[in-house]
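Subject: Structure handover

Hello,

Here is the structure for your files. My notes on what was found in it follow below.

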Amino acid sequence: MKITGYRPGPGMMVSAAFIGPGTVTACTLAGANFGFALIWALVFATITTIILQSIAVRVALVSRLGLAEAMMQSVASPIVRWLAAALLIAASALGNAAYEAGNISGALLGLEALNSGLSENRGLAITAIAIIAGLLILFSKPRWVERILIAMVLFMCTAFLLTFLITRPDIGAIFGGFIPSIPEGGLFTAIALIGTTIVPYNLFLHAASVRERWKEESDLAVAQTDSSLSIGLGGLVSITILATAAASLFGSGKEIANAADMAEQLNPLFGSFATATLGAGLFAAGLTSAITAPLATGYIVQEIFGKTTGGVSRTPFRVGALLVILSGTFGALLNYKPVEIIFVAQIANGLLLPVIAFFLIKLANDSALLGKHVNGWKANLAGAIILAITTMLGFRLIARALGWWP
């Protein structure tokens with residue numbers, strides 16, 4: 001298959017979605033608290049994201065079905081199908097609600113960096129962000145708004161890349177972080193790094209976008225190239241954020257509690273404008289992600305109930321999307337620091353991952369659905385490793401919470 005004439009596609013949207021406030025927060029905390037030791041978690045997460053998104057692209061293009069719709073059709077028994085549907089809706093709704101709380105809190109964190117007085121009207125600011133996200137979803141967002149927000153996020157990514165070059169972190173220490181190990185107290189952070197990169201709802205958004213962008217099975221190579229290049233770039237940016245934080249903040253003993261604390265790593269490049277720069281980027285990243293999380297849940301609910309046409313006017317779509325916005329808003333209104341909410345959301349996302357990955361790998365082996373495009377033994381081996389590692393990390397996290405693991 002030829003891939004001539006390639007231009008960036010939906011894969012860049014996936015990268016823009018996971019380079020959000022959760023990524024900036026989790027990577028900054030990882031670098032500030034553990035130096036370069038957890039870079040391996042981002043490498044694993046990036047490779048895993050490329051593999052899983054590639055499967056989502058393949059399912060969407062070959063079957064011409066939405067990802068949730070394909071999952072339901074792959075189950076023969078009606079009872080099992082509805083149990084699977086209930087599990088998928090519950091997992092995506094709960095996971096995305098936690099993620100939405102983090103997204104709204106991330107947008108608030110950015111606004112507070114731009115105007116410290118907003119902390120006195122926190123509830124009002126959170127409600128306003130949620131209303132804006134809801135209106136953009138229900139009544140469609142203008143194209144120019146989407147482009148401006150994504151441009152701001154990409155500007156923030158460029159800022160971290162340039163700061164990385166200026167700070168010149170120890171390259172030997174960076175490569176040392178590629179060796180898997182979990183330092184004392186680093187388990188939650190490792191899972192957060194994985195959860196902020198491998199975003200389950202991105203699988204459903206990516207599949208839906210691919211079906212709209214490419215219409216023929218012959219476009220599969222182009223679509224997967226777009227996915228791999230875009231996600232690889234996103235993973236590189238995440239590693240850069242962690243390395244920059246490690247070079248600037250590790251060993252300083254400073255607690256990361258707000259955007260101003262995180263912005264210190266940008267001081268070498270922006271000086272007194274570092275906080276404002278990070279604040280604008282966090283707000284843009286939080287708002288775009290606050291739109292995509294409920295959007296994905298709406299698609300999932302809509303596809304499960306067999307209503308894949310008609311766009312956002314469908315009742316199942318609206319119910320799913322609004323449920324996530326309301327739940328996320330409630331979570332953001334709780335009296336916790338935004339950084340804490342964002343971090344917990346990434347952990348919840350990491351626990352949701354094995355459930356979604358299981359369904360996705362099952363689809364990749366469905367010959368009735370994919371024909372000659374089913375997984376080979378190498379792809380299945382990679383899938384088994386992904387499931388084993390993510391399940392083990394999730395189990396260890398739960399076991400530690402219950403006091404079963406030291």
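Of the 406 residues in the protein chain, 55% count as buried (buried means under 20% relative accessible area, exposed over 50%, partly exposed in between, with a 1.4 Å probe and protein chains only).

This is a predicted model, in which local features need pLDDT of at least 70 and side-chain atom pairs count only at pLDDT 80 or more, while totals for chains, interfaces and linings use all residues. Residues are numbered from 1 along each chain as its sequence is written, and side-chain values use heavy atoms, with hydrogens and water left out.

On confidence: pLDDT is the predictor's confidence in each residue, from 0 to 100. Its mean over the protein chain is 79, with 83% of residues at 70 or more. Helix 3 (residues 39-63) has the highest confidence, at a mean of 92, and helix 12 (residues 259-263) the lowest, at 68. The pLDDT is below 50 over residues 1-6, a stretch that has 13 contacts in the model beyond near neighbours in sequence (contact means heavy atoms within 4.5 Å). Residues 309-313 are also below 50, with eight such contacts.

On the fold: the protein chain has 18 helices and zero strands (DSSP runs numbered from the N terminus; helices are H or I with at least four residues, strands E with at least two). Among contacts with a separation of 6 or more, 85% join residues 24 or more positions apart.

Helix 2 (residues 21-34) has 14 residues and should span 20 Å at 1.5 Å a residue; its end C-alpha atoms are 19 Å apart, which agrees (the expected span is 1.5 Å times one less than the number of residues). Because 13 of those 14 residues are buried, helix 2 is largely enclosed by the rest of the structure. Glycine 35 follows helix 2 and has a positive phi, near 65°.

On aromatic pairs: the structure holds three (rings of Phe, Tyr and Trp, the last by its six-membered ring, with centres within 6.5 Å; planes under 30 degrees apart are stacked, over 60 edge-to-face, the rest tilted). One of them joins tyrosine 299 and phenylalanine 317, edge-to-face because the planes are at 70°, with the centres 5.3 Å apart. Tyrosine 299 is in helix 14 (residues 274-304) and phenylalanine 317 in helix 15 (residues 315-333), so this pair ties together parts 18 residues apart in sequence. Phenylalanine 317 is buried, at 0% relative accessibility.

Phenylalanine 358 and phenylalanine 359 form another edge-to-face pair, 6.0 Å centre to centre with 75° between the planes. Phenylalanine 358 is partly exposed at 47% relative accessibility, whereas phenylalanine 359 is buried at 9%.

Regards
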